[in-house]
Structure formats: structure tokens, C-alpha cells
Amino acid sequence: MNDYDKEFKIMYLRFFKPLTVFSCKYTHDLELAEDVVQNVFLSLYDSRNHLHVHSSLKSYLYRAVYNQTMDALKRESKKISDVQANVMVQEEFRDLVEEAEFIHEIQKALDSLPKGCRNVFTMSRNDGLSNKEISKQLNISIRTVETQISKALKILREKVYRVHAFLLLF
């Protein structure tokens with residue numbers, strides 16, 4: 001072990017703990033703080049042949065640890081925001097899939113209605129016609145229109161409720 005290595009070891013033993021505590025004040029994570037300090041010392045050792053410290057060694061080390069700590073926090077923050085964004089995209093995708101499945105099931109339920117019932121219901125809900133207008137167009141009584149709409153709603157509620165209850169399980 002040469003003189004530089006001995007001095008480096010002494011410097012490491014003297015400053016490692018205080019620098020780790022310093023970094024930990026910002027990171028609130030002992031393991032991350034230790035990694036930061038290790039990286040600073042590793043960088044210092046690697047650049048030993050061409051590094052010239054113009055201020056005190058202590059000031060240099062604290063400044064280097066501070067800078068590395070801020071960089072580490074930025075990286076951690078980026079990881080967290082990337083994970084959060086990914087979770088949000090997955091949730092939005094799942095919601096869209098569920099909505100598409102739900103709409104598909106509603107359409108299937110509509111298609112399963114008897115033709116006359118489906119026709120009256122579609123004219124009421126999709127075309128926005130009043131019961132009286134439907135009655136005139138189809139030449140049926142208003143009471144028949146009301147009965148067909150009620151029948152359609154009852155069937156749709158039952159079928160859609162089962163699908164909705166199933167989707168809620170997942």
C-alpha cells in the first residue's frame with residue numbers, strides 16, 4: 001500500500017460517517033446516502049492523478065456529496081414519476097377496456113330484445129322521440145309504447161346488472 005492509499009484510507013475513515021449523515025439529511029434513506037458517499041470516494045480515488053482541490057478537502061467532499069445527493073434524488077424522483085405515470089396509463093387502459101366491454105354488453109342486451117320492443121326503445125332513447133311521436137309513427141297506442149319501453153328497461157337492467165356486477169369483481 002503506497003502513501004496515497006494510506007492517506008486515502010484515513011480520509012475515508014474520517015469522513016465517511018459524517019458525509020453519510022449529511023447526505024441522509026436530504027435523502028432520508030441511509031442506504032442511498034451511503035451509496036452516494038461511496039460514489040464520491042470512488043470518483044475521488046479514480047481521479048487521484050489529475051484532481052486538484054483548490055479549497056479545503058473537507059469543503060470539497062461536502063460539496064461533492066451534496067451534488068451527488070441532489071443528482072440521486074432527481075433520479076429517484078424520475079423513477080417514481082415514471083412508475084406513477086405507468087400506473088396511471090394502465091388504470092386508464094383498464095377503464096377504457098371495462099367501458100368498451102360494458103358498452104358491448106349493453107348492445108348485446110339491446111340486440112336480444114324482441115324486435116318491436118327494441119324498435120320502440122331505440123326510437124325513444126336514441127332518436128329522442130316522445131311516446132306520442134312513437135305512437136303516431138308506429139300506429140300503436142301510447143300505452144303500448146310505455147309498456148314496451150318499461151319491458152325493455154327491465155330486461156336491460158337485469159342483463160346489464162349481471163355484467164356490471166361481474167366487472168366489479170375484477
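This is a predicted model: local features need pLDDT of at least 70, side-chain atom pairs count only at pLDDT 80 or more; totals for chains, interfaces and linings use all residues.
**Stop one: a charged patch**

Start by selecting Asp-29, Glu-31, Glu-34 and Asp-35, and show their side chains. Together these residues form a negative surface patch. Now zoom in on Asp-29, which sits in the loop between α1 (3–27) and α2 (30–46). How accessible is Asp-29? Its relative accessible area is 35%, so Asp-29 counts as partly exposed.

**Stop two: helix α4**

Next, select residues 115–125, which make up helix α4. Color Cys-117, Val-120, Phe-121, Met-123 and Ser-124: these are the buried residues of the helix. Turn the view to look down the axis, and check where the colored residues point. They lie on the same side of α4, because the arc they cover around the axis is only 160 degrees.

Move on to helix α6 (residues 142–169) and pick out Arg-143 and Glu-146. Side chains of opposite charge can pair when their charged atoms come close. Here, Arg-143 and Glu-146 form a salt bridge, with 3.5 Å between the closest N and O atoms.

How far apart are the two partners along the helix? Arg-143 and Glu-146 are three residues apart in α6, so about one helical turn separates them.

Is Arg-143 buried or exposed? Arg-143 is exposed, at 57% relative accessible area, whereas Glu-146 is partly exposed at 31%.

Conventions
Residues are numbered from 1 along each chain as its sequence is written. Side-chain values use heavy atoms; hydrogens and water are left out. Patches are made of residues with over 30% relative accessible area and no salt bridge: like charges are joined within 9 Å, nonpolar side chains (Val, Leu, Ile, Met, Phe, Trp, Tyr) within 5 Å. Accessible areas come from the Shrake-Rupley method with a 1.4 Å probe; for residues, only the protein chains shown count as cover. A salt bridge is a side-chain nitrogen of Lys or Arg within 4 Å of a carboxyl oxygen of Asp or Glu. Lys and Arg count as positive and Asp and Glu as negative; His and the chain ends are not counted. The place of a charge is taken as NZ of Lys, CZ of Arg, CG of Asp or CD of Glu. Helices (H or I, at least four residues) and strands (E, at least two) are DSSP runs, numbered from the N terminus. Buried means under 20% relative accessible area, exposed over 50%, partly exposed in between (1.4 Å probe, protein chains only). The arc is that of the directions from the helix axis to the C-beta atoms.
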